[in-house]
Amino acid sequence: MSVLKPVTGKRPKLIATDLDGTIVAHYGFISDRTKIAFAAANAAGIHIYFITGRPIRWMKEIKDNFNFGLGVCGNGALLYDFINEKVLEEWSFSIEAQLETVKRLRQVIPPVSFATEIGEDFLREKKYVPRWDIGEDNVGVDLIEEVITAPALKMLARCSDGEFSSDEMLALASKALEGIATVTHSNSTDSLLEISAVGVSKGATLSRVAGRLGLTADDCVTFGDNPNDFSMLSWASRSWAMADGHPDLMKYAKFQTDPHQEDGVAKVIEQLLQLPE
């Protein structure tokens with residue numbers, strides 16, 4: 001049974017969506033209905049932003065499916081023209097803040113291991129067990145401090161043995177890194193944190209790019225499924241949480257839509273396009 005209620009108001013001027021678990025299935029598929037809905041929104045003159053925790057090397061899939069829009073990668077750290085494969089702007093995580101983050105998290109989460117995204121490189125500790133970038137960096141290093149030699153897109157902190165859940169890690173890290181970094185996660189079951197420069201988030205970057213277009217929160221709608229989406233769900237005046245997402249989503253989103261496997265985002269966009277401008 002659908003959880004989606006009738007969509008009201010005016011047609012938005014900007015649509016921003018998360019990718020994985022929101023419009024991209026966990027097995028890496030974007031439905032035809034979703035692609036058609038976004039193409040119709042673009043044809044109607046609506047600005048489209050794909051806002052993700054992904055690094056830019058994972059955006060080829062989006063280019064293969066959409067020939068319009070802009071990307072925001074690294075949970076807000078980088079504005080990316082994925083069609084022309086060009087970085088437009090970035091808000092990087094300094095060397096000093098990365099090193100302080102490592103120091104503090106080793107104290108509060110002893111089994112933690114680290115990886116960092118520097119440029120297009122994925123660099124990790126040997127004990128950090130990757131799920132998606134296996135082989136990107138060969139065998140890794142003993143301590144991540146060895147490769148923290150430049151500002152990063154974001155850092156990753158993992159408990160590879162699963163001693164702490166992502167939510168437990170987030171609670172500990174948020175307190176330990178206050179004023180040092182922005183910490184979030186995008187998968188409740190993966191014992192993994194995603195860490196950016198202080199003040200960097202999906203919501204902060206969306207607010208910035210919307211403002212440059214002369215738009216406010218009232219002009220924008222957002223979609224998401226996990227804590228790294230909370231900031232943009234909270235910022236937009238109209239935002240939809242995926243019904244199969246994180247249990248805290250409705251503390252931030254204004255509405256709920258059906259799971260991504262049921263084309264929840266497409267269903268909302270189809271209704272939005274029927275609204276008056």
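Trainee: Is Asp248 buried, partly exposed or exposed?
Mentor: Keep in mind that this is a predicted model. The relative accessible area of Asp248 is 27%. Buried would need a value under 20% and exposed one over 50%, so Asp248 is partly exposed.

Trainee: Which residue meets Asp248 in a salt bridge?
Mentor: Look for a side chain of opposite charge, since such side chains can pair when their charged atoms come close. Here the N to O distance is 3.4 Å. The partner has 63% relative accessibility and counts as exposed; it is Lys251.

Trainee: Where does Glu125 lie, and how many residues apart in sequence are Arg106 and Glu125?
Mentor: Their side chains meet in a salt bridge of 2.9 Å, N to O. Arg106 is partly exposed at 24% relative accessibility, whereas Glu125 is buried at 0%. Arg106 belongs to helix H3 and Glu125 to the loop between strands E7 and E8, so the pair ties together parts whose separation in sequence is 19 residues.

Trainee: How many disulfides does the structure hold?
Mentor: A disulfide needs two cysteine sulfur atoms within 2.5 Å. For Cys220, which is buried at 0% relative accessible area, the nearest cysteine sulfur is that of Cys73, 19 Å away. For the structure, the number of disulfides is 0.

Definitions and conventions. Residues are numbered from 1 along each chain as its sequence is written. This is a predicted model: local features need pLDDT of at least 70, side-chain atom pairs count only at pLDDT 80 or more; totals for chains, interfaces and linings use all residues. Side-chain values use heavy atoms; hydrogens and water are left out. Buried means under 20% relative accessible area, exposed over 50%, partly exposed in between (1.4 Å probe, protein chains only). A salt bridge is a side-chain nitrogen of Lys or Arg within 4 Å of a carboxyl oxygen of Asp or Glu. Helices (H or I, at least four residues) and strands (E, at least two) are DSSP runs, numbered from the N terminus.
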